[in-house]
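This briefing goes through the strands, the helices and the contact between the chains. Keep the structure in view while reading.

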Amino acid sequence: MAETLIKGKCEALIIGGSAGSLDVLLEIFPSLSDNINFPIILVTHRKSGNDALLSDLLRSRTKLKVNEAEEKDKILPGHVYIAPADYHLLIEDDETFSLDYSEKINYSRPSIDVTFQSAAEVFGDKLVCVLLSGSNADGVAGLKTVNDLGGIVVIQNPNTAIMSYMPQQAVNHIKAGIILDASDMAEFINKLVK
Amino acid sequence: MISEAIDNEQIEMLLSDVLEAHGYDFLEYSHASIKRRIIRLYALDNFVSFAEFRYTVRTDKQYFKRFLEEITVNVTEMFRDPNFYKALRNDVLPVLGTYPFIRIWVAGCSTGEEAYSLAIVLKELNLFHKSLIYATDINPSVLEKAKQGIFPLNYLKGYSENYVKSGGIQDFSSYYTANYSHAKFDGTLSEKMIFSTHNLVSDHSFNEFQLIMCRNVLIYFDKDLQHKVFQLFDNSLEKLGYLALGSKESLDFWERSKAYKRVKTEKIWRKL
Ligand SMILES: C[S@@+](CC[C@H](N)C(=O)[O-])C[C@H]1O[C@@H](n2cnc3c(N)ncnc32)[C@H](O)[C@@H]1O
(Lines give C-alpha, C1' and ligand atoms only; values in the text may rest on other atoms or scores of the structure.)
Protein backbone atom coordinates (compact mmCIF):
# COMPACT_ATOMS: atom_id res chain seq x y z
CA MET A 1 0.00 0.00 0.00
CA ALA A 2 1.05 3.52 -0.72
CA GLU A 3 0.62 4.44 2.93
CA THR A 4 3.39 2.11 3.97
CA LEU A 5 5.55 3.14 1.03
CA ILE A 6 5.63 6.74 2.12
CA LYS A 7 5.35 6.30 5.86
CA GLY A 8 7.83 8.59 7.51
CA LYS A 9 8.79 10.22 4.26
CA CYS A 10 6.21 12.97 4.17
CA GLU A 11 7.74 16.45 4.56
CA ALA A 12 4.65 18.38 3.63
CA LEU A 13 0.97 17.71 3.11
CA ILE A 14 -1.04 20.06 0.95
CA ILE A 15 -4.80 19.90 0.72
CA GLY A 16 -6.60 21.74 -2.08
CA GLY A 17 -10.35 22.11 -2.32
CA SER A 18 -13.13 24.21 -3.70
CA ALA A 19 -16.92 24.03 -3.49
CA GLY A 20 -17.92 21.27 -1.08
CA SER A 21 -14.51 20.91 0.53
CA LEU A 22 -15.22 22.64 3.82
CA ASP A 23 -17.34 19.72 5.03
CA VAL A 24 -14.44 17.40 4.34
CA LEU A 25 -11.97 19.54 6.25
CA LEU A 26 -14.36 19.73 9.18
CA GLU A 27 -14.59 15.96 9.11
CA ILE A 28 -10.83 15.38 8.86
CA PHE A 29 -9.54 17.82 11.45
CA PRO A 30 -11.04 16.45 14.69
CA SER A 31 -9.50 13.04 13.92
CA LEU A 32 -5.99 14.21 13.12
CA SER A 33 -3.31 12.96 15.44
CA ASP A 34 -1.58 15.49 17.70
CA ASN A 35 1.69 13.90 16.61
CA ILE A 36 1.56 15.12 13.03
CA ASN A 37 5.19 15.96 12.33
CA PHE A 38 4.93 17.65 8.95
CA PRO A 39 3.29 20.92 7.93
CA ILE A 40 -0.26 20.84 6.56
CA ILE A 41 -1.00 23.56 4.02
CA LEU A 42 -4.57 24.29 2.95
CA VAL A 43 -5.46 26.01 -0.29
CA THR A 44 -9.18 26.52 -0.67
CA HIS A 45 -11.23 28.78 -2.88
CA ARG A 46 -13.31 31.19 -0.91
CA LYS A 47 -14.50 34.76 -0.85
CA SER A 48 -12.03 37.34 0.39
CA GLY A 49 -13.00 39.19 3.51
CA ASN A 50 -13.72 36.27 5.81
CA ASP A 51 -10.17 35.07 6.20
CA ALA A 52 -10.48 34.42 9.91
CA LEU A 53 -13.50 32.18 9.56
CA LEU A 54 -11.81 29.04 8.28
CA SER A 55 -8.95 29.39 10.76
CA ASP A 56 -11.41 29.69 13.62
CA LEU A 57 -13.46 26.71 12.48
CA LEU A 58 -10.38 24.51 12.25
CA ARG A 59 -8.70 25.80 15.38
CA SER A 60 -11.65 24.63 17.44
CA ARG A 61 -11.24 21.14 16.00
CA THR A 62 -7.53 20.36 16.43
CA LYS A 63 -4.65 20.80 18.84
CA LEU A 64 -2.32 21.56 15.94
CA LYS A 65 -1.42 25.24 15.53
CA VAL A 66 -3.60 26.79 12.82
CA ASN A 67 -2.55 30.05 11.17
CA GLU A 68 -2.91 31.95 7.95
CA ALA A 69 0.28 31.56 5.90
CA GLU A 70 2.28 34.78 6.01
CA GLU A 71 4.89 35.78 3.49
CA LYS A 72 8.44 34.77 4.51
CA ASP A 73 7.09 32.52 7.28
CA LYS A 74 9.24 29.49 7.93
CA ILE A 75 7.14 26.39 7.25
CA LEU A 76 7.15 24.35 10.46
CA PRO A 77 6.15 20.74 11.14
CA GLY A 78 2.99 20.22 13.13
CA HIS A 79 1.55 23.52 11.96
CA VAL A 80 -1.49 24.05 9.77
CA TYR A 81 -1.25 26.95 7.31
CA ILE A 82 -4.14 28.41 5.39
CA ALA A 83 -3.53 30.23 2.10
CA PRO A 84 -4.85 33.79 2.49
CA ALA A 85 -7.76 34.77 0.26
CA ASP A 86 -6.88 36.65 -2.92
CA TYR A 87 -3.15 35.79 -3.09
CA HIS A 88 -1.38 32.85 -4.66
CA LEU A 89 0.72 30.93 -2.16
CA LEU A 90 4.16 29.72 -3.27
CA ILE A 91 6.90 27.81 -1.51
CA GLU A 92 10.55 28.82 -1.63
CA ASP A 93 13.53 26.47 -1.63
CA ASP A 94 14.37 27.50 1.93
CA GLU A 95 10.90 26.29 2.98
CA THR A 96 9.37 29.68 3.52
CA PHE A 97 6.19 31.08 1.98
CA SER A 98 5.88 33.71 -0.74
CA LEU A 99 2.66 35.45 -1.69
CA ASP A 100 1.86 36.55 -5.21
CA TYR A 101 -0.91 38.84 -6.40
CA SER A 102 -0.76 37.90 -10.06
CA GLU A 103 -3.58 37.00 -12.44
CA LYS A 104 -6.11 34.43 -11.34
CA ILE A 105 -5.46 30.90 -12.57
CA ASN A 106 -8.53 28.78 -13.38
CA TYR A 107 -10.56 31.80 -12.21
CA SER A 108 -9.00 31.31 -8.81
CA ARG A 109 -6.67 33.11 -6.44
CA PRO A 110 -5.30 31.34 -4.50
CA SER A 111 -4.92 28.75 -7.20
CA ILE A 112 -4.37 25.18 -6.05
CA ASP A 113 -2.25 24.49 -9.14
CA VAL A 114 0.21 27.22 -8.21
CA THR A 115 0.82 25.89 -4.71
CA PHE A 116 0.95 22.23 -5.76
CA GLN A 117 3.47 23.00 -8.53
CA SER A 118 5.66 25.20 -6.43
CA ALA A 119 5.65 22.70 -3.54
CA ALA A 120 6.47 19.83 -5.90
CA GLU A 121 9.64 21.60 -6.98
CA VAL A 122 10.73 22.01 -3.38
CA PHE A 123 9.62 18.75 -1.75
CA GLY A 124 9.75 16.37 -4.73
CA ASP A 125 8.96 12.79 -3.68
CA LYS A 126 8.47 13.81 -0.05
CA LEU A 127 5.28 15.65 -0.84
CA VAL A 128 1.71 14.44 -0.40
CA CYS A 129 -1.07 16.41 -2.12
CA VAL A 130 -4.77 15.87 -1.61
CA LEU A 131 -7.46 17.24 -3.94
CA LEU A 132 -10.99 17.49 -2.59
CA SER A 133 -14.44 18.35 -3.88
CA GLY A 134 -14.86 21.23 -6.30
CA SER A 135 -16.52 22.38 -9.48
CA ASN A 136 -13.62 23.65 -11.57
CA ALA A 137 -10.42 22.06 -12.77
CA ASP A 138 -7.97 23.91 -10.53
CA GLY A 139 -5.47 21.54 -8.93
CA VAL A 140 -5.38 18.93 -11.67
CA ALA A 141 -2.35 20.31 -13.52
CA GLY A 142 -0.64 20.75 -10.18
CA LEU A 143 -1.27 17.15 -9.21
CA LYS A 144 0.31 16.07 -12.48
CA THR A 145 3.50 17.89 -11.60
CA VAL A 146 3.44 16.40 -8.11
CA ASN A 147 3.06 12.95 -9.60
CA ASP A 148 5.80 13.54 -12.19
CA LEU A 149 8.23 14.62 -9.49
CA GLY A 150 7.54 11.51 -7.40
CA GLY A 151 5.11 12.91 -4.85
CA ILE A 152 1.98 11.12 -3.66
CA VAL A 153 -1.38 12.13 -5.12
CA VAL A 154 -4.58 11.59 -3.16
CA ILE A 155 -7.99 12.35 -4.65
CA GLN A 156 -11.32 12.48 -2.90
CA ASN A 157 -13.64 9.82 -4.29
CA PRO A 158 -15.72 11.72 -6.87
CA ASN A 159 -18.68 9.44 -6.22
CA THR A 160 -18.97 10.62 -2.64
CA ALA A 161 -17.72 14.20 -3.05
CA ILE A 162 -20.31 16.97 -2.85
CA MET A 163 -18.94 18.40 -6.12
CA SER A 164 -17.50 15.64 -8.24
CA TYR A 165 -16.08 17.63 -11.17
CA MET A 166 -12.70 18.57 -9.74
CA PRO A 167 -11.79 15.18 -8.25
CA GLN A 168 -13.18 13.43 -11.35
CA GLN A 169 -10.87 15.47 -13.59
CA ALA A 170 -7.99 14.47 -11.35
CA VAL A 171 -8.94 10.79 -11.46
CA ASN A 172 -9.15 10.96 -15.26
CA HIS A 173 -5.71 12.49 -15.61
CA ILE A 174 -3.62 10.92 -12.87
CA LYS A 175 -3.74 7.17 -12.94
CA ALA A 176 -1.48 6.80 -9.92
CA GLY A 177 -3.79 8.79 -7.65
CA ILE A 178 -5.00 7.16 -4.44
CA ILE A 179 -8.77 7.55 -4.24
CA LEU A 180 -10.24 7.96 -0.76
CA ASP A 181 -13.59 8.74 0.81
CA ALA A 182 -13.64 11.74 3.12
CA SER A 183 -14.19 9.39 6.06
CA ASP A 184 -10.87 7.61 5.40
CA MET A 185 -8.70 10.66 4.98
CA ALA A 186 -7.80 11.40 8.59
CA GLU A 187 -6.59 7.85 9.09
CA PHE A 188 -4.53 8.05 5.90
CA ILE A 189 -2.92 11.30 7.05
CA ASN A 190 -2.20 9.96 10.53
CA LYS A 191 -0.38 7.04 8.97
CA LEU A 192 2.03 9.40 7.25
CA VAL A 193 3.55 10.28 10.62
CA LYS A 194 7.09 9.10 11.10
CA MET B 1 4.35 21.36 -17.99
CA ILE B 2 7.89 22.24 -18.80
CA SER B 3 8.70 23.63 -15.37
CA GLU B 4 10.73 20.61 -14.28
CA ALA B 5 13.19 21.12 -17.07
CA ILE B 6 14.34 24.55 -15.95
CA ASP B 7 16.42 24.66 -12.82
CA ASN B 8 17.28 27.47 -10.46
CA GLU B 9 20.69 27.91 -11.98
CA GLN B 10 19.25 28.70 -15.39
CA ILE B 11 16.92 31.26 -13.86
CA GLU B 12 19.82 32.87 -12.08
CA MET B 13 21.87 33.03 -15.27
CA LEU B 14 19.01 34.68 -17.08
CA LEU B 15 18.58 37.24 -14.31
CA SER B 16 22.31 37.94 -14.30
CA ASP B 17 22.11 38.59 -18.05
CA VAL B 18 19.23 40.98 -17.47
CA LEU B 19 21.25 42.90 -14.91
CA GLU B 20 24.33 43.03 -17.10
CA ALA B 21 22.63 43.90 -20.39
CA HIS B 22 19.76 46.10 -19.18
CA GLY B 23 20.64 47.26 -15.67
CA TYR B 24 17.56 45.79 -13.95
CA ASP B 25 18.37 43.77 -10.86
CA PHE B 26 15.84 41.01 -10.13
CA LEU B 27 18.30 38.78 -8.28
CA GLU B 28 16.86 39.63 -4.87
CA TYR B 29 13.24 39.00 -5.83
CA SER B 30 11.43 36.13 -4.10
CA HIS B 31 12.60 33.20 -6.08
CA ALA B 32 9.48 31.07 -6.44
CA SER B 33 7.30 33.76 -7.94
CA ILE B 34 9.85 35.24 -10.35
CA LYS B 35 10.72 31.75 -11.50
CA ARG B 36 7.06 31.08 -12.13
CA ARG B 37 6.73 34.30 -14.15
CA ILE B 38 9.78 33.48 -16.23
CA ILE B 39 8.71 29.92 -16.98
CA ARG B 40 5.23 31.14 -17.84
CA LEU B 41 6.60 33.68 -20.33
CA TYR B 42 9.01 31.16 -21.79
CA ALA B 43 6.15 28.73 -22.41
CA LEU B 44 3.81 31.45 -23.70
CA ASP B 45 6.22 32.74 -26.33
CA ASN B 46 7.10 29.32 -27.71
CA PHE B 47 10.88 29.47 -27.67
CA VAL B 48 12.69 26.42 -28.99
CA SER B 49 15.03 26.30 -26.05
CA PHE B 50 15.78 28.15 -22.86
CA ALA B 51 19.11 29.15 -24.39
CA GLU B 52 17.30 30.90 -27.24
CA PHE B 53 14.99 32.59 -24.74
CA ARG B 54 18.00 33.79 -22.76
CA TYR B 55 19.70 35.07 -25.88
CA THR B 56 16.61 36.98 -26.99
CA VAL B 57 16.11 38.54 -23.58
CA ARG B 58 19.74 39.60 -23.52
CA THR B 59 20.04 41.02 -27.03
CA ASP B 60 16.61 42.06 -28.26
CA LYS B 61 15.63 45.45 -26.79
CA GLN B 62 12.08 45.17 -28.05
CA TYR B 63 11.62 41.76 -26.52
CA PHE B 64 13.13 42.91 -23.26
CA LYS B 65 10.36 45.48 -23.04
CA ARG B 66 7.87 42.63 -23.16
CA PHE B 67 9.93 40.66 -20.64
CA LEU B 68 9.81 43.55 -18.18
CA GLU B 69 6.06 43.96 -18.63
CA GLU B 70 5.39 40.27 -18.12
CA ILE B 71 7.83 39.57 -15.30
CA THR B 72 6.51 42.36 -13.10
CA VAL B 73 3.03 41.62 -11.81
CA ASN B 74 0.83 44.59 -12.62
CA VAL B 75 -2.50 43.41 -11.25
CA THR B 76 -4.21 46.15 -9.28
CA GLU B 77 -7.63 47.55 -8.33
CA MET B 78 -9.33 50.75 -7.26
CA PHE B 79 -10.11 50.96 -3.55
CA ARG B 80 -8.64 47.53 -2.99
CA ASP B 81 -9.03 46.64 0.70
CA PRO B 82 -11.80 49.15 1.47
CA ASN B 83 -10.89 49.22 5.16
CA PHE B 84 -7.46 50.50 4.25
CA TYR B 85 -8.99 53.43 2.37
CA LYS B 86 -11.36 54.01 5.25
CA ALA B 87 -8.37 54.38 7.56
CA LEU B 88 -6.71 56.77 5.11
CA ARG B 89 -9.90 58.82 4.95
CA ASN B 90 -10.60 58.88 8.68
CA ASP B 91 -7.26 58.59 10.44
CA VAL B 92 -4.38 59.58 8.17
CA LEU B 93 -5.35 62.23 5.64
CA PRO B 94 -7.19 64.48 8.12
CA VAL B 95 -3.95 64.69 10.13
CA LEU B 96 -1.97 65.54 7.01
CA GLY B 97 -4.68 68.05 6.14
CA THR B 98 -3.40 70.31 8.89
CA TYR B 99 -0.19 70.80 6.87
CA PRO B 100 0.07 73.54 4.26
CA PHE B 101 1.06 71.05 1.59
CA ILE B 102 0.80 67.26 1.24
CA ARG B 103 3.35 65.25 -0.73
CA ILE B 104 2.47 61.62 -1.35
CA TRP B 105 4.54 58.90 -3.03
CA VAL B 106 2.72 55.89 -4.50
CA ALA B 107 5.59 53.49 -5.16
CA GLY B 108 4.81 50.57 -7.48
CA CYS B 109 1.64 52.30 -8.71
CA SER B 110 1.12 49.96 -11.66
CA THR B 111 -1.62 51.25 -13.99
CA GLY B 112 -2.68 53.93 -11.53
CA GLU B 113 -5.88 52.63 -9.93
CA GLU B 114 -4.44 53.29 -6.48
CA ALA B 115 -3.40 56.86 -7.28
CA TYR B 116 -6.84 57.69 -8.71
CA SER B 117 -8.52 56.20 -5.64
CA LEU B 118 -6.33 58.34 -3.43
CA ALA B 119 -7.07 61.44 -5.48
CA ILE B 120 -10.81 60.83 -5.05
CA VAL B 121 -10.47 60.58 -1.27
CA LEU B 122 -8.35 63.75 -1.19
CA LYS B 123 -11.03 65.55 -3.23
CA GLU B 124 -13.78 64.48 -0.88
CA LEU B 125 -11.76 65.69 2.11
CA ASN B 126 -11.15 69.01 0.37
CA LEU B 127 -7.40 68.47 0.43
CA PHE B 128 -6.81 67.83 -3.24
CA HIS B 129 -5.83 71.39 -4.13
CA LYS B 130 -2.84 71.28 -1.78
CA SER B 131 -1.72 67.74 -2.53
CA LEU B 132 0.78 66.30 -4.96
CA ILE B 133 0.90 62.58 -5.79
CA TYR B 134 4.14 61.14 -7.14
CA ALA B 135 3.25 57.84 -8.78
CA THR B 136 6.19 55.65 -9.76
CA ASP B 137 6.82 52.19 -11.11
CA ILE B 138 9.68 50.19 -12.58
CA ASN B 139 7.64 49.39 -15.69
CA PRO B 140 7.25 52.33 -18.12
CA SER B 141 4.30 50.74 -19.96
CA VAL B 142 2.03 50.77 -16.93
CA LEU B 143 2.82 54.43 -16.33
CA GLU B 144 1.62 55.28 -19.84
CA LYS B 145 -1.70 53.67 -18.96
CA ALA B 146 -1.81 55.35 -15.57
CA LYS B 147 -1.51 58.78 -17.19
CA GLN B 148 -4.62 58.08 -19.27
CA GLY B 149 -6.81 57.14 -16.33
CA ILE B 150 -8.83 54.82 -18.53
CA PHE B 151 -9.89 51.54 -16.95
CA PRO B 152 -11.91 48.57 -18.28
CA LEU B 153 -15.59 49.11 -17.66
CA ASN B 154 -16.30 45.60 -16.45
CA TYR B 155 -14.28 46.22 -13.28
CA LEU B 156 -16.14 49.40 -12.36
CA LYS B 157 -18.99 47.68 -10.57
CA GLY B 158 -16.53 46.08 -8.16
CA TYR B 159 -14.63 49.34 -7.75
CA SER B 160 -17.83 51.18 -7.00
CA GLU B 161 -18.71 48.63 -4.30
CA ASN B 162 -15.22 48.98 -2.81
CA TYR B 163 -15.57 52.74 -2.87
CA VAL B 164 -18.83 52.63 -0.95
CA LYS B 165 -17.39 50.18 1.60
CA SER B 166 -14.41 52.48 2.08
CA GLY B 167 -16.69 55.31 3.17
CA GLY B 168 -17.07 57.10 -0.18
CA ILE B 169 -19.77 59.75 -0.06
CA GLN B 170 -20.43 60.64 -3.69
CA ASP B 171 -22.00 58.88 -6.60
CA PHE B 172 -18.96 56.95 -7.85
CA SER B 173 -20.06 57.28 -11.47
CA SER B 174 -19.67 61.06 -11.21
CA TYR B 175 -15.89 60.54 -11.37
CA TYR B 176 -15.81 59.00 -14.84
CA THR B 177 -17.40 58.96 -18.23
CA ALA B 178 -18.08 55.54 -19.66
CA ASN B 179 -18.21 54.31 -23.21
CA TYR B 180 -19.09 50.76 -24.16
CA SER B 181 -15.87 49.20 -22.90
CA HIS B 182 -13.94 51.70 -20.79
CA ALA B 183 -14.33 54.33 -18.13
CA LYS B 184 -12.27 57.49 -18.40
CA PHE B 185 -11.66 59.16 -15.09
CA ASP B 186 -12.12 62.88 -14.61
CA GLY B 187 -9.06 64.66 -16.01
CA THR B 188 -8.78 66.94 -12.99
CA LEU B 189 -7.87 63.89 -10.87
CA SER B 190 -4.57 63.46 -12.69
CA GLU B 191 -3.71 67.16 -12.57
CA LYS B 192 -2.04 66.60 -9.21
CA MET B 193 -0.20 63.46 -10.25
CA ILE B 194 3.38 63.19 -11.44
CA PHE B 195 4.26 59.93 -13.13
CA SER B 196 7.80 58.71 -13.37
CA THR B 197 9.78 55.50 -13.56
CA HIS B 198 11.60 54.66 -10.37
CA ASN B 199 13.23 51.36 -9.51
CA LEU B 200 13.03 50.62 -5.80
CA VAL B 201 16.01 48.30 -6.10
CA SER B 202 18.49 50.74 -7.59
CA ASP B 203 17.13 54.30 -7.54
CA HIS B 204 17.55 56.70 -4.66
CA SER B 205 15.35 58.86 -2.55
CA PHE B 206 14.13 61.86 -4.57
CA ASN B 207 12.03 63.90 -2.17
CA GLU B 208 10.55 63.99 1.33
CA PHE B 209 6.98 62.85 1.75
CA GLN B 210 4.25 62.92 4.37
CA LEU B 211 2.77 59.69 3.08
CA ILE B 212 4.36 56.81 1.20
CA MET B 213 2.12 54.05 -0.13
CA CYS B 214 3.81 50.90 -1.39
CA ARG B 215 1.33 48.07 -1.49
CA ASN B 216 1.77 44.57 -2.82
CA VAL B 217 5.22 45.25 -4.18
CA LEU B 218 7.36 44.06 -1.28
CA ILE B 219 5.81 40.58 -1.35
CA TYR B 220 7.93 40.06 -4.47
CA PHE B 221 11.20 40.94 -2.72
CA ASP B 222 13.32 38.75 -0.46
CA LYS B 223 13.87 39.83 3.14
CA ASP B 224 17.17 41.66 2.58
CA LEU B 225 15.77 43.63 -0.30
CA GLN B 226 12.65 44.47 1.69
CA HIS B 227 14.85 45.92 4.40
CA LYS B 228 16.82 47.99 1.90
CA VAL B 229 13.58 49.40 0.55
CA PHE B 230 12.36 50.21 4.07
CA GLN B 231 15.59 52.17 4.51
CA LEU B 232 14.88 54.03 1.27
CA PHE B 233 11.38 54.87 2.51
CA ASP B 234 12.75 55.94 5.86
CA ASN B 235 15.09 58.35 4.05
CA SER B 236 12.15 59.66 2.04
CA LEU B 237 9.66 60.14 4.84
CA GLU B 238 9.30 63.22 7.01
CA LYS B 239 9.13 62.88 10.75
CA LEU B 240 5.52 62.03 11.67
CA GLY B 241 4.91 60.91 8.12
CA TYR B 242 3.02 57.71 7.28
CA LEU B 243 4.07 54.53 5.52
CA ALA B 244 1.33 52.29 4.10
CA LEU B 245 1.95 48.72 2.99
CA GLY B 246 -0.17 45.97 1.44
CA SER B 247 -2.51 43.88 3.56
CA LYS B 248 -0.02 40.99 3.76
CA GLU B 249 3.13 43.05 4.25
CA SER B 250 4.71 44.22 7.46
CA LEU B 251 7.38 46.45 8.90
CA ASP B 252 7.70 44.25 11.98
CA PHE B 253 10.92 42.39 11.25
CA TRP B 254 12.88 45.41 10.13
CA GLU B 255 15.55 46.49 12.60
CA ARG B 256 14.33 50.10 12.72
CA SER B 257 10.64 49.27 13.09
CA LYS B 258 10.75 50.53 16.68
CA ALA B 259 10.98 54.04 15.25
CA TYR B 260 7.49 53.57 13.81
CA LYS B 261 4.10 53.26 15.42
CA ARG B 262 1.28 51.24 13.89
CA VAL B 263 -1.94 53.13 13.14
CA LYS B 264 -4.78 51.00 14.50
CA THR B 265 -5.17 47.66 12.74
CA GLU B 266 -4.42 48.59 9.14
CA LYS B 267 -0.97 48.17 7.61
CA ILE B 268 -0.12 51.81 8.19
CA TRP B 269 2.79 53.02 10.31
CA ARG B 270 3.71 56.49 11.52
CA LYS B 271 7.30 57.61 11.77
CA LEU B 272 8.06 58.88 15.27
C1 LIG C 1 0.95 43.80 -7.83
S2 LIG C 1 1.36 45.42 -8.39
C3 LIG C 1 0.72 46.40 -7.08
C4 LIG C 1 -0.03 47.61 -7.56
C5 LIG C 1 -0.68 48.45 -6.48
N6 LIG C 1 0.30 49.06 -5.61
C7 LIG C 1 -1.70 47.63 -5.69
O8 LIG C 1 -1.42 47.27 -4.55
O9 LIG C 1 -2.77 47.35 -6.22
C10 LIG C 1 3.13 45.52 -8.19
C11 LIG C 1 3.78 46.68 -8.94
O12 LIG C 1 5.13 46.83 -8.47
C13 LIG C 1 5.96 47.17 -9.54
N14 LIG C 1 7.36 46.86 -9.23
C15 LIG C 1 7.95 45.64 -9.20
N16 LIG C 1 9.26 45.76 -8.92
C17 LIG C 1 9.50 47.09 -8.74
C18 LIG C 1 10.66 47.85 -8.44
N19 LIG C 1 11.83 47.26 -8.27
N20 LIG C 1 10.54 49.19 -8.35
C21 LIG C 1 9.34 49.79 -8.53
N22 LIG C 1 8.21 49.13 -8.83
C23 LIG C 1 8.28 47.79 -8.93
C24 LIG C 1 5.38 46.36 -10.69
O25 LIG C 1 5.76 46.87 -11.95
C26 LIG C 1 3.87 46.45 -10.43
O27 LIG C 1 3.29 47.50 -11.13
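Contact means heavy atoms within 4.5 Å, and angles run from 0 to 180 degrees between N-to-C directions. With these terms, helix α7 (residues 182-190) of chain A lies across β1, β7, β8 and β9 of chain A and runs at about 125° to β9(A). The model is a predicted one. The points below start with chain A, go on to chain B and end with the interface.

**The sheet of chain A**

- Seven strands of chain A form an open sheet with parallel pairing, in the order β3-β4-β2-β1-β7-β8-β9.
- Strands β3 (65-68) and β9 (178-180) of chain A are the edge strands, and each of them pairs on one side only.
- On average, neighbouring strands of this sheet are turned by 20° against each other, with direction ignored.
- Strand β8 (residues 152-156) of chain A runs parallel to β9(A), and three bridges join them.
- In this part of chain A, A:Gln156 has A:Leu180 of β9(A) opposite it.
- Strands of a sheet pair through backbone hydrogen bonds, either parallel or antiparallel.

**Helices of chain A**

- Helix α6 (residues 165-173) of chain A lies across β1 (12-17), β7 (127-131), β8 and β9 of chain A.
- The direction of α6(A) is at about 140° to β8(A).
- Two packed helices are described by the angle between their axes and the distance between the axes.
- For helix α4 (residues 112-123) and helix α5 (residues 140-148) of chain A, the angle is about 10° and the axes are 7 Å apart.
- Angles under 35 degrees count as roughly parallel, so α4(A) is roughly parallel to α5(A).
- On the side of α4(A), the contact is made by A:Asp113, A:Phe116, A:Gln117 and A:Ala120.
- On the side of α5(A), the residues are A:Val140, A:Ala141, A:Gly142, A:Leu143, A:Thr145 and A:Val146.
- Sorted by class, this contact of α4(A) with α5(A) has six nonpolar, three polar and one charged residues.

**Strands of chain B**

- Three strands of chain B form an open sheet in the order β3-β5-β4, with antiparallel pairing.
- Strands β3 (150-152) and β4 (176-178) of chain B each have a single partner strand, so one side of each is left without a neighbour in the sheet.
- From one strand to the next, the twist of this sheet averages 25°.
- Three bridges link β3(B) to strand β5 (residues 182-185) of chain B in the antiparallel sense.
- B:Phe151 has B:Ala183 in β5(B) as its bridge partner.
- Strand β8 (residues 237-245) of chain B runs antiparallel to strand β10 (residues 268-271) of chain B, and three bridges join them.
- In that pairing, B:Tyr242 is opposite B:Arg270 in β10(B).
- Strand β9 (residues 260-262) of chain B also pairs with β10(B) in the antiparallel sense, over three bridges.
- Here B:Tyr260 is opposite B:Lys271 in β10(B).
- The hairpin of β9(B) and β10(B) has five residues between the strands, and B:Lys264 in this hairpin takes a positive phi near 45°.

**Between the chains**

- Contact is made by 27 residues of chain B with 25 residues of chain A.
- The size of an interface is often given as the accessible area lost when the parts come together.
- Between chain B and chain A, about 2100 Å² is buried, and carbon and sulfur atoms give 47% of this area.
- Four salt bridges are found across the interface of chain B and chain A.
- A salt bridge joins the side chains of A:Glu121 and B:Lys35, at 2.7 Å from N to O.

Terms used: Residues are numbered from 1 along each chain as its sequence is written. Chains are lettered from A and ligands numbered from 1 in the order in which they are written. This is a predicted model: local features need pLDDT of at least 70, side-chain atom pairs count only at pLDDT 80 or more; totals for chains, interfaces and linings use all residues. Side-chain values use heavy atoms; hydrogens and water are left out. Helices (H or I, at least four residues) and strands (E, at least two) are DSSP runs, numbered from the N terminus. Angles under 35 degrees count as roughly parallel, over 145 as roughly antiparallel, 65 to 115 as roughly perpendicular and the rest as oblique. Ala, Val, Leu, Ile, Met, Phe, Trp, Tyr, Cys and Pro count as nonpolar, Asp, Glu, Lys and Arg as charged, and the others, Gly among them, as polar. Two strands pair if DSSP finds at least two bridges between them. Buried area is the accessible area (1.4 Å probe) that two parts lose on being put together, summed over both.
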